[in-house]
Amino acid sequence: MRRPRIRARPRKRPAGAGGSRSSTASQRPCLCERPCRRETALRVLLDGLDGPPLADPRQLRFVAGRRDRLWDRNCVAIGLAGGFLEPLESTSIHLIQSGIARLMSLFPDTGFSAVEIAEYNRQMLREYDQVRDFIILHYHATTRTDSAFWRHCQSMTLPPSLQAKLDLWAGRARIFREQGELFTPDSWIAVLLGQGIRPASVDPLTAGLPVAESALFLDHVREMVAKTAEAMPRHADFIARHCAAPLRTAA
């Protein structure tokens with residue numbers, strides 16, 4: 001409902017050994033949004049409901065981005081203190097856990113080694129950027145052209161790291177998981193193929209596989225998936241049986 005634009009966002013600097021300071025210099029750009037008419041957004045939201053609303057819509061605003069440094073002297077920004085990415089993939093809890101785990105592996109003494117601080121920042125900022133790339137892919141890979149928002153997503157300039165990943169995929173369907181990134185090749189492939197981005201060719205090593213043997217293997221996989229799905233309850237049935245919410249009526 002709101003079209004993104006790039007804008008520099010000022011950030012607070014964590015308190016150091018000599019006290020707290022703030023700075024707005026040398027900030028990285030982050031993805032923000034240009035507002036549209038609130039009435040238009042509400043109409044589209046309410047028109048998409050299956051029935052009358054049970055409550056008034058709540059508008060939540062956020063600015064996506066991260067700090068240039070998550071560890072500065074004797075202060076470490078973890079979780080929302082360090083940054084926030086669009087919750088499409090619900091990565092906030094993972095980034096909190098990752099920040100804590102990396103802090104424990106580089107836990108300082110009273111000297112606060114600059115080398116260890118730099119390594120913490122390098123690892124965490126890389127992880128934020130990897131998550132950012134995966135989220136952007138969902139929007140950039142769209143085939144929708146029915147609004148300025150989606151047309152912008154298709155034509156937006158991509159981070160070099162994401163563009164390199166897409167270029168590699170475009171040739172022979174190659175995806176690599178780099179340095180323990182959160183999303184595996186299976187996740188990337190699911191989004192790429194699911195949104196119609198197909199590579200020009202395949203890995204040449206596949207030419208050495210016997211066709212009949214490959215077909216038999218794929219048939220087995222298809223059969224196992226079908227049997228597993230058939231044995232599982234339907235989503236609505238599971239909710240009704242285990243966690244149904246009390247019925248509410250619109251005011």
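This is a predicted model: local features need pLDDT of at least 70, side-chain atom pairs count only at pLDDT 80 or more; totals for chains, interfaces and linings use all residues.

Me: What is the phi of Ser 90, and is Ser 90 buried or exposed?
Reply: Ser 90 is not a glycine, yet its phi is positive, at about 50°. Exposed means over 50% relative accessible area. Ser 90 has 60%. Ser 90 therefore counts as exposed.

Me: How does the span of H2 compare with the expected 20 Å?
Reply: Helix H2 covers residues 92-105, which is 14 residues. At 1.5 Å a residue, 20 Å is expected. From first C-alpha to last, H2 comes close to that, reaching 20 Å.

Me: Which residues of H2 are buried, and what arc do they cover?
Reply: The buried set is Leu 95, Ser 98, Gly 99, Arg 102 and Leu 103. They sit on the same side of H2, because the arc they cover around the axis is only 130°.

Me: Why can residues three or four places apart point the same way in an α-helix?
Reply: One turn of an α-helix does not hold a whole number of residues. Residues three or four places apart therefore point the same way. The number per turn is 3.6.

Me: Which exposed residues are on the face of H2 turned away from its buried side?
Reply: Look across the helix from the buried side. The exposed residues on that face of H2 are Ile 93, Gln 97, Met 104 and Ser 105.

Me: Where does Phe 112 lie, and what is its relative accessibility?
Reply: Phe 112 lies in the loop between H2 and H3. Its phi is positive, about 50°, although Phe 112 is not a glycine. Phe 112 counts as partly exposed, at 33%.

Me: Is Gln 130 buried or exposed, and which residues is Gln 130 in contact with beyond its neighbours within four places in sequence?
Reply: Gln 130 is in helix H3. Buried means under 20%. Gln 130 has a relative accessible area of 14%, so Gln 130 is buried. Leaving aside those neighbours, its contacts are Glu 178 and Glu 181.

Key: Residues are numbered from 1 along each chain as its sequence is written. Side-chain values use heavy atoms; hydrogens and water are left out. Helices (H or I, at least four residues) and strands (E, at least two) are DSSP runs, numbered from the N terminus. The expected span of a helix is 1.5 Å times one less than its number of residues. Buried means under 20% relative accessible area, exposed over 50%, partly exposed in between (1.4 Å probe, protein chains only). The arc is that of the directions from the helix axis to the C-beta atoms. Contact means heavy atoms within 4.5 Å.
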